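Thanks, everyone. Let me put the structure up, and then we walk through it piece by piece.

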Amino acid sequence: ISFESVGDRIELTDSVSCEIIHTPGHTNGHVVILCSDKEDETSLMYSGDMLFKQSIGRTDLPTGNKVGFVSGTFDLFHIGHLNILEKAKEQCDYLIVGVSTDEVVLGYKHKAPVIPYEERKAIVEAIKYVDKVVPQTSMDKMEAWEKLKFNAVFHGDDWKGTHMYAEVEAKLKAVGCDMVFLPHTEGTSSTMLTEIIRNELEKDK
């Protein structure tokens, strides 16, 4: 059985399969393999220098790689967004980014994003630090963890110490997931850029 290129798949049992999702040229010199079990609806991600075989008992699997998660609106993409994605990828092997849907943004910001979801998603997908983009349909980090089983959540440190994130951090810690706060980029934000654009448009009237 050929098992060398991205997309190659091996059916180990009726329910368990493994698929290569990254080759050495994409991920820190390692092959990354996603193993899925249809019966219990779970998936595990592994990396290693050599391809491997999986036994039914899963006793010979190599050490799993660290999966990170970042979420946000990513409206009017700017250097602060790029910095947090770069710093997050430095601390994990596989980075998943949740991009908030237009409905979610409208629900908690009470205003629609300037850039629609599909375009924001396409921009984030084009960033070299990002391995996978998923729609963020809820602000609940535990709901995201239940679906994606990441090992760490990365967030700007401007939220560190707040009551809301203290609760989230405690819940994640209980399931073995770290909350990692990264340096916030001062002097820029989507809100600031929106205000600048609005002011310039007002001048032109």
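First, a term: contact means heavy atoms within 4.5 Å. Helices (H or I, at least four residues) and strands (E, at least two) are DSSP runs, numbered from the N terminus.

Now the ground rules. This is a predicted model: local features need pLDDT of at least 70, side-chain atom pairs count only at pLDDT 80 or more, and totals for chains, interfaces and linings use all residues. Residues are numbered from 1 along each chain as its sequence is written, and side-chain values use heavy atoms, with hydrogens and water left out.

Overview. The protein chain has six helices and nine strands. Of its 205 residues, 42% are buried. Buried means under 20% relative accessible area, exposed over 50%, partly exposed in between, with a 1.4 Å probe and protein chains only. Take the contacts between residues at least 6 apart in sequence: 55% of them join residues at least 24 apart.

On to the sheet. Five strands form an open sheet with parallel pairing, in the order β7-β6-β5-β8-β9. Strands pair if DSSP finds at least two bridges between them. Which strands stand at the edges? They are β7 (132–136) and β9 (178–182). Each has a single partner strand, so one side of each is left without a neighbour in the sheet. On average, neighbouring strands here are turned by 30° against each other, direction ignored.

Let's go to β5, residues 67–72. Six of its six residues are buried. Val 67, Phe 69 and Ser 71 point one way, while Gly 68, Val 70 and Gly 72 point the other way.

β5 has partners to look at. Six bridges join β5 to β6, running parallel. Gly 68 stands opposite Leu 95 in β6. From β5 the chain crosses through helix α1 (residues 79–90) to β6, a right-handed β-α-β crossover. Right-handed means that, with the strands pointing away from the viewer, the path from the first strand over the helix to the second runs clockwise. Two bridges join β5 to β8, also in parallel. There, Gly 68 stands opposite Ala 152.

Further out, β8 (residues 152–156) pairs with β9 over five bridges, in the parallel sense. His 155 has Phe 181 in β9 as its bridge partner.

Now helix α4, residues 141–148. Which of its residues are buried? Lys 141, Met 142, Ala 144 and Trp 145.

Look at the ends of α4. Asp 140 caps the N-terminal end, with a side-chain oxygen 2.9 Å from the backbone nitrogen of Met 142. After the helix comes Lys 149, with a positive phi near 55°.

Last stop: Ser 71, in strand β5. Ser 71 is buried, at 16% relative accessible area. Its side chain makes a polar contact of 3.2 Å with the side chain of Gln 136. Another polar contact, at 3.4 Å, reaches the side chain of Lys 141. A polar contact is a pair of N or O atoms within 3.5 Å; within protein, one must be able to donate a hydrogen and the other to accept it, and residues adjacent in sequence count only if both atoms are side-chain atoms. Beyond its neighbours within four places in sequence, Ser 71 is in contact with Gly 98, Gln 136 and Lys 141.

Terms used: Axes are lines fitted to C-alpha atoms, for helices over the stretch in contact, and angles run from 0 to 180 degrees between N-to-C directions.
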